[in-house]
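Subject: Structure handover

Hello,

Please look it over before reading the notes under it.

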Amino acid sequence: MAEKHSILTQERLKELLHYDPETGVFVWRIRRGMALAGSVAGNRRKNGRTAIYVDGVEHKAARLAWLYVHGAHPEKFIDHINGDPGDDRLSNLREVTNSENMQNQRRARTNSSSGLLGVVNNGGKWQATIRINGVGKYIGTFKTPEEAHQAYLEAKRTIHCACTI
C-alpha cells in the first residue's frame, strides 16, 4: 500500500478506482471505509469541483482523470473547457497555464458590483474592461450593464485565445 505522503501513481490510482472518460465519473474498485466497491467516489465541493480522498490525501477529480488517462500528473492547471468544474469528462479537460485558465473564466467574482464579468459601475454608467497579461484595458463605457457585458464578451473572444465562451 502507498504511504500517505507518497506521490500517487497511475498504477495505484487504477488499483483503487475506475474512471469512465465518457462520463467523467470515478467508481471505487474496492471497499474504502464506508464506500462500497462499485460506488461513486468523491464529493462535490462548494466551488463545484469533485474531490476524492486517496490514501488519506484529497485530490481534485479532474487532476486524477488526467493522471488516470495520461499516466502522469499534469504539470499545469486543468481547465474545464465548458466552464462546469464538476464536468470531469476527458473531452472537457485540458492542461493550460494559469493565464489561459483565467481566460476561460465565465462568471463574475462574488464581490462584483455588476454581477457581470468584465463590467463595473462607473458613476451611473457601465464600464467594460479586460485584462491582457495582467494589465487592464479599457473597452468602453455603456448605458446598460448588458451592453458593457456584450462588448466585454466580444473582446474576450478576440483577445483571449483560451476562451471558450
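Predicted model: local features only at pLDDT ≥ 70, side-chain atom pairs only at ≥ 80, totals over all residues.

Residues are numbered from 1 along each chain as its sequence is written, and side-chain values use heavy atoms, with hydrogens and water left out.

Cores

A nonpolar core here is a set of buried Ala, Val, Leu, Ile, Met, Phe, Trp, Tyr and Cys residues joined through side-chain atoms within 4.5 Å. Buried stands for under 20% relative accessible area, exposed for over 50%, and partly exposed for what lies in between (1.4 Å probe, protein chains only). The largest nonpolar core has 20 residues, and those with the most contacts inside it are Leu13, Leu17, Phe26, Trp28, Ile52, Val54 and Leu64. Two or more residues each come from α1 (10-16), β1 (17-20), β2 (25-28), β4 (50-54) and α2 (61-70). Helices (H or I, at least four residues) and strands (E, at least two) are DSSP runs, numbered from the N terminus. The largest share of this core is that of α2, with seven residues. Not counting residues up to four places away in sequence, Leu17 touches Phe26, Val27, Trp28, Arg29, Ala41, Ile52, Val54 and Tyr68; contact means heavy atoms within 4.5 Å. A second, separate core has nine residues, including Val119, Ala128, Ala148 and Tyr152.

Sheets

Strands count as paired if DSSP finds at least two bridges between them. Four bridges join β4 to β5, and Val54 stands opposite Val57 in β5.

Another open sheet of three antiparallel strands has the order β8-β9-β10. Here β8 and β10 are at the edges with a single partner strand each, so one side of each has no neighbour in the sheet. The twist averages 35° from one strand to the next. Seven bridges join β9 to β10, and Arg131 stands opposite Gly136 in β10. Helix α4 packs on the sheet, touching β8, β9 and β10, at about 15° to the direction of β9. The buried residues of α4 also pack against α3 (98-103); among them are Ala148, Tyr152 and Leu153.

Two residues

Tyr19 lies in strand β1 and is buried, at 2% relative accessibility. Its side chain reaches the backbone nitrogen of Leu90 at 3.1 Å. Tyr19 and Tyr68 are 49 residues apart in sequence and 7.3 Å apart in space, C-alpha to C-alpha.

Asp87 is in the loop between β6 (77-80) and β7 (93-96). Asp87 is also buried, with a relative accessible area of 11%. The side chain of Asp87 makes a polar contact with that of Asn82 at 2.8 Å. A polar contact is a pair of N or O atoms within 3.5 Å; within protein, one must be able to donate a hydrogen and the other to accept it, and residues adjacent in sequence count only if both atoms are side-chain atoms.

Regards

Methods:
Axes fitted to C-alpha atoms, helices over the stretch in contact; angles between N-to-C directions.
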